[in-house]
Amino acid sequence: MLKIKIRKVKNEDASALAALFPHWDAEITKKRVERAPKSKREARYVAEIEDKVVAHLLVRFGAGWQSHIATFYSLVVHPDYRRKGIATELIKYAIKNMPKHIEIVNAQVQHDNKASLALFSKLGFEVYGRLKDGWKKEGVYKDLILLMKRIR
Ligand SMILES: CC(C)(COP(=O)(O)OP(=O)(O)OC[C@H]1O[C@@H](n2cnc3c(N)ncnc32)[C@H](O)[C@@H]1OP(=O)(O)O)[C@@H](O)C(=O)NCCC(=O)NCCS
């Protein structure tokens, strides 16, 4: 069976993440990674297979009247490692390690991202809405499906 190791991001992961996210600016990726361990507003995880970083997940913690909510961002698994349960393990790990004050986890998925919608549904997330034109890139709009799971 595949041995998946999930851990918090480290400074030396910057180049592996730049390869996972070729559309991210490499300098900004480096800064994001360096900032991550100190931040109280986010947790950034990676998955390793045989010491190779193959996936990433960012969790952002809400503030003020949303301080009981965490939102998942930038979930990606390297194309060579998909359908092996890695995203499932990342999300389960992130939920298990949520700060005690987080009660709800939240995700936003492009309406045509069947893989991601199936993944969150399998993990027990429920659809609570649709944000019309909630995603925009280079003049193209897509609806976002809003998903949530109560964890406590
Ligand atoms: C979506 C993504 C993160 C899934 O990662 P993964 O590690 O392959 O997912 P898992 O192996 O944990 O899959 C768990 C379940 O999700 C569903 N799923 C995953 N990929 C799927 C696909 N391509 N088609 C249909 N269902 C899929 C299945 O129900 C799967 O369970 P199964 O393999 O037992 O059938 C990955 O495809 C990816 O990185 N895609 C590009 C980036 C992206 O879309 N990120 C999400 C933004 S919200």
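Which residues of α3 are buried? In this predicted model, local features need pLDDT of at least 70, side-chain atom pairs count only at pLDDT 80 or more, and totals for chains, interfaces and linings use all residues. Residues are numbered from 1 along each chain as its sequence is written. Helices (H or I, at least four residues) and strands (E, at least two) are DSSP runs, numbered from the N terminus.

The buried residues of α3 are I86, A87, L90, I91 and A94, where buried means that 20 or more other C-beta atoms, placed from the backbone, lie within 10 Å of a residue's own. They cover an arc of only 130 degrees around the axis, which puts them on the same side of α3; the arc is that of the directions from the helix axis to the C-beta atoms. Their packing partners are β1 (4-8), β2 (42-49), β3 (52-61), β4 and α4, with contact taken as C-beta atoms, placed from the backbone, within 7 Å.

Next comes the sheet. It is open, with 7 strands in the order β1-β2-β3-β4-β5-β7-β6 and mixed pairing; two strands pair if DSSP finds at least two bridges between them. The edge strands, β1 and β6 (126-137), each pair on one side only. β2 and β3 run antiparallel and are joined by 8 bridges.

As for the ligand, 18 residues surround it, the closest being R82, A87, T88, A115 and L119; a residue counts as near if its C-beta atom, placed from the backbone, lies within 6 Å. β4 (69-77), α3 (86-96) and α4 (114-122) each give two or more residues to this shell, and α4 has the largest share, 6 residues.

Conventions. Buried ≥ 20, exposed ≤ 12 C-beta atoms within 10 Å, placed from the backbone. Contact = placed C-beta atoms within 7 Å.
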